[in-house]
Amino acid sequence: MAFNQGPTTLTQLSKCLKQLATARSDEEKLGALIILPRLLDPTNERAVHLTFTRMNFRFLVRLLQSDCSEIRGQVTESALSGQACQSIALNIISCFCTFPDLCKSTEVLELLPTLVRVLQESSETASDILHCILCISEASSSISLLDEKLIVALCQKLDMERLNTEADAVSASNLACRCLYSVFSRGTAAVHDSEMYFENRGHVIEYQIALIRAAKIAIQSVAQVIKLSKTKLKFDGLRLALDILHLMISEDEDPVEQQWGMDVRDGLALILGSKLSPTIRDNALMVASLTYQYYGENWLFAPAPGGEGQNPPLHKFAALLIHLTCAEIRVRLDSDFSATVSAPSIENTGVGQERNENRGYDSVLAACLRLLELSVRAIAALSVEGNEAPAFSISPDMFLSMRAAMSEAFLAIMANMVDRWMKAEELTQEGHRTAWAELMEDDVALLALRAVATWLGEDTEIVGSPEVRALVPLLVRYAKARIRVNKIRPIEFLGPAFTSITSDAKSLDSFMVHGGIPVILNAMRSPSNISKEPSEEFLRFQTSLLCILLNVTVVAPTALPHDPSFETFSSLLIYEYLPFVDTAENCSAVVTIFAATTVALALFALRGAGTSVSMALFEAVSRSALIFLARSRNLRVENEVVWDEVSELWYLSVNCLADILTNFPHRARIVMGQAVPLSRFVASTCDTNTWSESDRQCIPRLFKQIGHDF
């Protein structure tokens with residue numbers, strides 16, 4: 001777009017604007033507008049603002065619309081084309097878009113629908129229109145920039161580069177990418193700093209809904225660019241995808257299985273398999289992490305529709321992503337950056353300054369930690385019995401190489417966590433009271449903690465290693481905390497790790513020495529009373545806590561009864577857990593597993609406590625045990641799937657109850673006094689024709705102890 005930069009005066013410009021204002025016919029208005037761009041210097045702020053205040057915007061819109069045949073028909077001596085009329089209007093609009101305050105004006109924002117319509121209808125003026133939209137989007141966060149038609153039009157121009165390799169098409173695609181990036185980056189900033197941009201909460205919600213809707217429209221085209229583009233636009237698409245995916249994962253809904261996720265994966269496979277700059281690699285890893293978060297662990301190994309003969313093969317991409325992620329984590333944790341940024345700040349001023357300056361680096365490490373956690377889940381899901389086999393085969397060597405890479409990464413993470421813990425201890429001893437609080441609320445530390453907890457829950461072979469035992473005190477301390485900034489309870493995701501840790505005698509000693517049992521019991525005392533129709537999510541969480549204590553009672557039988565918090569545990573059993581087990585009518589798998597775990601734990605705790613427990617606790621446990629054992633015994637016929645889940649706990653409970661009555665015969669009268677529960681149990685198990693081999697090994701022994709002759 002060319003402007004006459006010759007000397008002009010405001011007097012000449014004013015005369016032209018006066019002619020425009022007083023013109024009665026379209027011919028006179030058009031004549032004034034033809035002269036105007038020659039007099040208007042786009043760098044002269046005073047001249048542009050003067051023109052803006054006196055502009056006839058209605059006539060400007062008419063010039064942009066259709067082919068201007070109506071206007072040109074009135075200009076008898078002119079042979080102006082429709083494109084020429086649009087160019088005149090765009091010359092003037094582009095001058096206004098030079099200044100941010102004019103870009104945010106109502107008059108310019110109201111031009112957007114017309115600009116979008118022309119953009120879709122004409123390719124000759126595409127670059128000029130995209131320049132105007134870019135200027136507006138960089139200056140304004142108006143909701144009109146999130147209009148569906150505008151986003152669709154920009155996406156259409158984004159696709160031009162792969163459909164048409166001419167220079168104009170490539171330029172238009174690059175401009176469209178910049179426009180989309182500006183729209184979403186400013187939109188995200190506006191939502192984040194809503195008090196600066198919006199008058200009330202209702203406007204924020206409306207804007208956020210429009211922003212997410214626009215993101216869902218744009219991701220389809222952006223994924224195609226990442227996959228198919230052979231120019232720099234591919235890497236610009238990566239940067240754009242970061243903002244879009246951040247918006248999409250912020251929405252609390254199940255992901256929709258769409259082709260774009262597979263397109264992103266194919267594009268990342270080509271990018272990560274090439275030698276590129278660290279910035280591009282970092283963006284690729286962050287996009288992989290966000291897409292992974294959106295789709296879940298299935299994304300890594302899910303076959304694409306018609307995905308046979310993919311290049312590179314899917315399983316090679318999975319191995320490549322895992323190896324790169326693990327290597328990136330180790331490099332970053334070994335660097336001086338981790339020590340300077342992640343260590344708690346001890347200055348009263350500039351807290352967090354280093355982290356802000358290295359925000360990109362921090363983001364990549366966080367993305368890699370999320371990738372690592374999700375990869376552990378994905379690989380674990382492949383080996384779960386009953387899951388469908390993947391659409392490809394992973395060779396044992398490749399599988400072992402991925403496991404080895406993840407093991408090395410987790411050893412590095414655990415060592416780093418212990419180092420930071422020791423540093424926080426040192427700072428605390430030196431009088432820096434906020435050292436632990438800053439470590440607890442560090443986002444990267446929390447992500448590392450989640451990843452390690454997931455790994456320990458899946459790989460039980462390493463729980464007895466020195467590295468894990470050294471980490472146990474830190475895990476227990478985190479389990480006590482509630483992170484104020486993100487309102488996170490670490491105990492909610494540390495359950496699998498503690499379940500594995502408490503199955504090893506040496507790690508269990510460290511767990512108990514550092515107060516692990518009171519931490520678990522305190523977490524069980526949740527504000528959500530278990531007797532008030534608890535949700536399945538709540539029951540799963542409580543079951544994970546019960547499993548930890550069950551491990552404790554199996555590995556160290558007297559540890560729980562001799563712990564000072566055993567009285568709290570007894571109260572929970574008598575007044576909350578056992579009444580729920582007795583009266584629960586919902587026999588779903590979640591409820592039954594919770595009940596089986598509760599009964600088994602209660603019986604093991606009684607056996608470890610011996611005669612030191614109260615008669616009230618003994619009576620409550622024996623009654624609930626008989627009720628549950630009778631009720632769940634019928635599951636063998638009624639629901640084999642649920643029976644398979646609880647059968648091991650059922651037999652453990654029967655044997656444990658028999659042991660209690662054998663070792664403490666004077667307590668047998670309490671069990672025999674439970675007339676209804678005892679008769680129910682006997683009735684459910686006395687048909688010897690239905691006994692399995694396991695039944696024959698344990699049921700007769702219990703029958704003998706309760707005085708039943710069969």
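Over which residues does pLDDT stay under 50, with 6 contacts in the model beyond four places in sequence? Select residues 385-392, which are that stretch; pLDDT is the predictor's confidence in each residue, from 0 to 100, and contact means heavy atoms within 4.5 Å.

The model is predicted, so that local features need pLDDT of at least 70 and side-chain atom pairs count only at pLDDT 80 or more, while totals for chains, interfaces and linings use all residues. Residues are numbered from 1 along each chain as its sequence is written, and side-chain values use heavy atoms, with hydrogens and water left out.

**Whole chain**

Colour the protein by pLDDT: the mean is 82, and 84% of the residues reach 70 or more. Select next residues 75-79, where the pLDDT is below 50 and the model has 2 contacts beyond near neighbours in sequence.

Switch to a cartoon view, in which the secondary structure comes to 40 helices and 0 strands. Helices (H or I, at least four residues) and strands (E, at least two) are DSSP runs, numbered from the N terminus. Of the contacts with a separation of 6 or more, 74% join residues 24 or more positions apart. Of the 710 residues, 52% count as buried; buried means under 20% relative accessible area, exposed over 50%, and partly exposed in between, with a 1.4 Å probe and protein chains only.

**The largest nonpolar core**

Select Leu-33, Phe-184, Ile-413, Phe-498 and Phe-511, which touch the most other members of the 248-residue largest nonpolar core. Such a core is a set of buried Ala, Val, Leu, Ile, Met, Phe, Trp, Tyr and Cys residues joined through side-chain atoms within 4.5 Å. Helix 34 (residues 589-609) supplies the largest share of this core, 14 residues.

Centre the view on Phe-498. Leaving aside neighbours within four places in sequence, Phe-498 is in contact with Leu-475, Val-476, Ala-479, Ile-491, Phe-511, Ile-520 and Ile-548.

**The second largest pocket**

Select Thr-499, Thr-543, Cys-547, Ile-593 and Thr-597, which lie nearest the centre of the second largest pocket among its 17 lining residues. Two or more lining residues come from each of helix 28 (491-501), helix 31 (536-555), helix 34 and helix 37 (640-663). Helix 31 gives the most, with 7 residues.

The space in this pocket is about 670 Å³; a volume is the space filled by probe spheres set on grid points, which are joined across faces, edges and corners. On a 1 Å grid over the protein atoms alone, a pocket is an open set of points where a 1.4 Å probe fits, with protein on both sides within 12 Å along at least five of seven lines, and lining residues have an atom within 4 Å of a point.

Colour the lining by class to find 9 nonpolar, 5 polar and 3 charged residues. Ala, Val, Leu, Ile, Met, Phe, Trp, Tyr, Cys and Pro count as nonpolar, Asp, Glu, Lys and Arg as charged, and the others, Gly among them, as polar.

Val-554 is in helix 31 and counts as partly exposed because its relative accessibility is 47%. Leu-601 is 47 residues away in sequence and 9.0 Å away in space, C-alpha to C-alpha.

Asp-263, in helix 17 (residues 259-272), counts as buried because its relative accessibility is 3%. Not counting residues up to four places away in sequence, Asp-263 touches Ala-223, Gln-224 and Lys-227.

Lys-506 lies in helix 29 (residues 505-513) and counts as exposed, at 55% relative accessibility. Between the C-alpha atoms of Lys-506 and Val-463, 43 residues apart in sequence, the distance is 9.1 Å.
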